[in-house]
2 protein chains.
Amino acid sequence: MNSINDTLPANYIFNKPYEKLIQLLRERRPSKVFLLVDTDTEEHCLPEFKKKTEQLPINEVFTVKSGERTKSFDTSVYLWKKLAEHDADRHSLLINLGGGMITDLGGFVASTYKRGMDFINIPTTLLAMVDAAIGGKTGVNLDHLKNQIGTISSARLVLFDLSYLQTLNEKEVKSGFAEVLKHGLIASMDYWKNVNSKENVLDQAEYMIKGSVSVKSSIVEKDPNEENIRKHLNFGHTLGHAIESFSHKTMETPMLHGEAIAHGMILESYLSYKISGLEKHYLTDIITVIKKHYELKGFSEAEQNNIIDLLRYDKKNKNGNVLFVLLKNMGDAVHNISIEHDIIKEAFSYLNDH
Amino acid sequence: MNSINDTLPANYIFNKPYEKLIQLLRERRPSKVFLLVDTDTEEHCLPEFKKKTEQLPINEVFTVKSGERTKSFDTSVYLWKKLAEHDADRHSLLINLGGGMITDLGGFVASTYKRGMDFINIPTTLLAMVDAAIGGKTGVNLDHLKNQIGTISSARLVLFDLSYLQTLNEKEVKSGFAEVLKHGLIASMDYWKNVNSKENVLDQAEYMIKGSVSVKSSIVEKDPNEENIRKHLNFGHTLGHAIESFSHKTMETPMLHGEAIAHGMILESYLSYKISGLEKHYLTDIITVIKKHYELKGFSEAEQNNIIDLLRYDKKNKNGNVLFVLLKNMGDAVHNISIEHDIIKEAFSYLNDH
């Protein structure tokens with residue numbers, strides 16, 4: 001990984017983010033400004049946001065219910081109609097204040113309203129700061145299939161206000177931390193070691209977030225449309241997404257994204273050990289670190305079959321083949337690896353044994 | 001207008017279109033090939049298409065009901081689910097065989113499925129050939145508001161097979177011809193005169209279609225995201241779209257797009273005469289030509305108010321101002337013109353008197 005400041009894109013603002021926002025409004029003079037929040041961020045972040053942006057002329061606040069189920073086509077239709085009702089035009093601006101659900105949904109709605117209006121992301125969760133709100137992917141779910149519908153459209157600005165992290169509970173922090181671990185595994189052994197060095201994940205929030213933004217944005221810049229190395233960001237996500245979909249279908253309290261990805265990373269690290277040459281002691285390191293942060297769940301034979309069946313919806317598939325991203329080494333990944341079901345089941349056995 | 005052949009983009013294929021299609025499949029090897037038709041093109045165009053493309057491996061044909069009402073999110077959701085069900089991935093290809101409804105809808109569905117899969121347009125109506133299927137705009141309607149949701153995404157190829165024009169009735173030909181007239185009015189007096197020189201519109205189909213494709217694509221190339229001169233393509237459409245929306249809301253047999261645009265062009269030519277210096281005798285020419293091809297309808301005071309009210313949804317609006325494209329001269333347009341309601345009503349009176 002290069003030095004962090006070299007690779008942070010100019011529209012990702014850590015320093016005086018609200019001043020930058022006011023400046024942008026002065027320059028671009030949007031016809032109207034809308035703010036999207038969910039019931040969680042309305043309660044926990046909106047008061048703080050309003051206090052910090054008193055000068056900001058907001059025409060309307062749209063509130064949607066928090067939770068992954070809201071990231072749907074129905075909510076998109078609801079928001080498109082709200083925008084039309086309030087005479088939004090393609091020179092209007094939508095500010096998305098929230099976690100990944102809000103930035104994915106708001107980005108999709110804005111990028112397709114009248115074929116595209118500007119949007120700004122203000123991520124309020126660790127997961128959104130290190131992953132969802134950056135890199136230009138927007139999307140909504142199609143029933144239980146995550147992000148099946150979406151666009152690639154960049155936020156005009158992404159504003160980082162780390163004070164919102166104080167509103168998160170431990171589970172939510174852990175959910176974002178899985179992506180941080182992934183960034184280390186695919187791009188930098190040093191970063192992996194450093195982010196694991198503290199007992200409390202948020203003790204080094206700024207270092208960690210800038211590091212993850214740097215890893216992700218330098219990959220996205222090289223391959224915005226995911227033709228090759230952007231696929232590396234899917235490490236842990238092929239099985240992780242399937243586990244997440246499965247958990248939404250079957251569990252009363254579905255796994256958070258990061259919990260599912262943590263399981264996916266263990267499974268895919270095992271596959272890396274079997275297939276792409278990851279040394280055994282690194283596999284042991286990875287599962288040790290992940291177990292320190294996440295409570296692992298085992299999967300029965302029937303559950304494994306269900307999850308494997310869900311792999312057919314993976315967005316990286318080609319010609320019906322499920323293609324994995326695997327580690328060759330710590331900080332070094334390969335993509336487009338096809339794997340037999342037997343070996344995937346072996347990986348589940350490894351997970352079940354730990 | 002420059003010579004036609006200079007300005008036809010390389011992915012717009014008039015010469016041996018199906019050979020080009022087969023060649024593309026050989027080169028890009030899509031994982032699956034899907035075909036989208038509506039109940040009209042299934043009956044009138046699909047048999048011909050199949051005969052001409054026997055070598056083509058189609059995995060599945062999706063048929064939707066013909067008519068503008070099908071261009072909705074409900075249909076989009078239906079098609080996204082069908083694609084998922086048939087294991088479409090982002091390396092799959094969707095071929096849109098139909099009029100503007102099919103190319104707009106299919107383009108939107110493809111460009112947002114897993115954040116974008118390839119699509120090819122094969123326009124079967126005059127309207128789609130000279131307008132809807134080219135230029136990269138995709139979209140669906142939000143209730144009665146036309147194309148409020150969409151993307152800017154180019155078809156990988158647009159194939160022109162003029163034999164499909166024989167399946168059209170006179171009304172459908174007239175619907176497309178309005179866009180041809182518009183291309184003359186905004187870009188070339190010669191083209192305007194030539195396309196008006198024949199009794200039967202289709203007597204010069206190839207000249208006319210290549211001319212319109214050339215006008216539109218050279219404008220789109222200069223301004224793909226409609227920041228400035230692409231707006232000229234909206235001549236006749238500001239009031240025309242409002243009339244079309246109005247007719248869908250209130251009439252049992254709604255106006256076809258081209259009929260609404262024909263009315264819009266008369267109204268906006270009158271505005272051009274009053275505001276932007278179009279000479280009176282050209283206004284007379286325009287209404288004479290349009291009356292030759294279209295049966296004009298008058299609008300009551302109440303209907304006018306309804307239509308004017310619908311202007312607030314126009315996609316070119318900025319800060320609540322409705323912005324018109326007007327003619328300075330034959331073949332020469334200006335954009336971003338704001339106009340008082342009184343003068344719009346005067347234009348309706350002029351239309352009612354003819």
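**Close-up views of the predicted model**

**View 1. The end of helix 11 in chain B.** In this predicted model, Gly277(B) comes after helix 11 of chain B and has a positive phi, near 85°. Helix 11 itself covers residues 257–275, 19 residues in total. From first C-alpha to last, helix 11 reaches 26 Å, close to the expected 27 Å at 1.5 Å a residue. Most of helix 11 of chain B is covered, with 17 of its 19 residues buried.

**View 2. The two domains of chain A.** Chain A is assigned domain 1, residues 4–167, and domain 2, residues 170–352. Their centres, taken over C-alpha atoms, are 26 Å apart. Contact between them involves 23 residues of domain 1 and 30 residues of domain 2.

**View 3. The side of domain 1 that touches domain 2 in chain A.** Helix 6 (126–132) and strand 7 (145–149) of chain A each supply at least two residues of this side. Helix 6 gives the largest share, 5 residues. By class, the side has 15 nonpolar, 5 polar and 3 charged residues.

**View 4. Chain A as a whole.** Chain A holds 14 helices and 10 strands. Its C-alpha trace spans about 55 × 40 × 35 Å along the principal axes. The radius of gyration of chain A is 20 Å, which agrees with the value near 20 Å for a compact globule of 354 residues. Of those 354 residues, 48% count as buried. Among contacts in chain A with a separation of 6 or more, 78% join residues 24 or more positions apart.

Conventions
Residues numbered from 1 in each chain as written. Chains lettered and ligands numbered in written order. Predicted model: local features only at pLDDT ≥ 70, side-chain atom pairs only at ≥ 80, totals over all residues. Helix = DSSP H or I, 4+ residues; strand = E, 2+ residues; numbered from the N terminus. Expected span 1.5 Å × (residues − 1). Buried ≥ 20, exposed ≤ 12 C-beta atoms within 10 Å, placed from the backbone. Domains from an automatic or database assignment. Contact = placed C-beta atoms within 7 Å. Nonpolar A, V, L, I, M, F, W, Y, C, P; charged D, E, K, R; others polar. Rg over C-alpha atoms; globule rule 2.2 N^0.38 Å.
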